[in-house]
Amino acid sequence: MKIRKTVMAVAAAAALILPASAAEILLVGGQNVWDQAGARIVEDGTTYVSLRAMAELLTPEAEVFWLDGMAHVQGGGLSLSARPGDTWLTVNDRALYVPHGVLLEDGRTLVPVRVLAEALG
């Protein structure tokens, strides 16, 4: 699992520094994450992804749910919460800065892929 998270973090960082056309493919375990991860958008130069889709893909043992106006991911040694509009994610009792804030689009909580990669180690 740690190897998978490391590969995701490296691949996500590489995708963020590549031109948009080159970032159409993000491979993890030989599979294109973008095909499986659902929504992704670029806002102010930051690539956002669906928290639920990425969490389910990368931490399948974790439970993803909505409670008290926040998205939560719990399990597998991870406790993460993200409230749309906040400029941070809470990950295992520490805050990670989200420069342009957590987004909510079409009922999906979107977070920057770089911050999510950091959150997942």
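**Figure 1. Asp-106 and its salt bridge with Arg-108 in the predicted model.** Asp-106 is exposed, with a relative accessible area of 68%. This residue forms a salt bridge with Arg-108, and the closest N and O atoms of the pair are 3.9 Å apart. Arg-108 is partly exposed, its relative accessible area being 33%. The structure holds 3 salt bridges, and the pair shown here is one of them.

**Figure 2. The salt bridge between Asp-86 and Arg-83.** The side chains of these two residues meet with an N to O distance of 3.6 Å. Asp-86 has a relative accessible area of 15% and counts as buried, because buried means under 20%. Arg-83 has a relative accessible area of 32% and is partly exposed.

Figure 3. Arg-52 is partly exposed at 40% relative accessibility, and Glu-56 is partly exposed with a relative accessible area of 43%.

**Figure 4. The buried residues of helix α3.** Of the 8 residues of α3, 6 are buried, so the helix is largely enclosed by the rest of the structure. The buried residues are Leu-51, Ala-53, Met-54, Ala-55, Leu-57 and Leu-58.

**Figure 5. Ser-50 and its contact with Ala-53.** Ser-50 has its place in strand β4. Ser-50 is buried, with a relative accessible area of 5%. The side chain of Ser-50 reaches the backbone nitrogen of Ala-53 at 3.2 Å. Ala-53 is itself among the buried residues of α3.

**Figure 6. The largest nonpolar core.** This core has 27 residues, of which Leu-51, Val-73, Leu-80, Leu-89, Val-91, Val-111 and Leu-116 touch the most other members. The elements that give two or more residues to the core are the strands β4 (46-50), β6 (70-75), β7 (78-82), β8 (88-91) and β11 (108-112), together with the helices α3 (51-58) and α4 (113-119). Helix α3 gives the most, with 5 residues.

**Figure 7. The surroundings of Leu-116.** Leu-116 is one of the core residues that touch the most other members. When its neighbours within four places in sequence are left aside, Leu-116 is in contact with Val-49, Leu-51, Met-54, Leu-80 and Val-111.

Conventions: Residues numbered from 1 in each chain as written. Predicted model: local features only at pLDDT ≥ 70, side-chain atom pairs only at ≥ 80, totals over all residues. Heavy atoms only, no water. Core = buried A, V, L, I, M, F, W, Y, C linked by side-chain atoms within 4.5 Å. Buried < 20%, exposed > 50% of the residue type's maximum accessible area, 1.4 Å probe, protein only. Helix = DSSP H or I, 4+ residues; strand = E, 2+ residues; numbered from the N terminus. Contact = heavy atoms within 4.5 Å. Polar contact = N/O pair within 3.5 Å; in protein donor to acceptor, adjacent residues only side chain to side chain. Salt bridge = Lys/Arg side-chain N within 4 Å of Asp/Glu carboxyl O.
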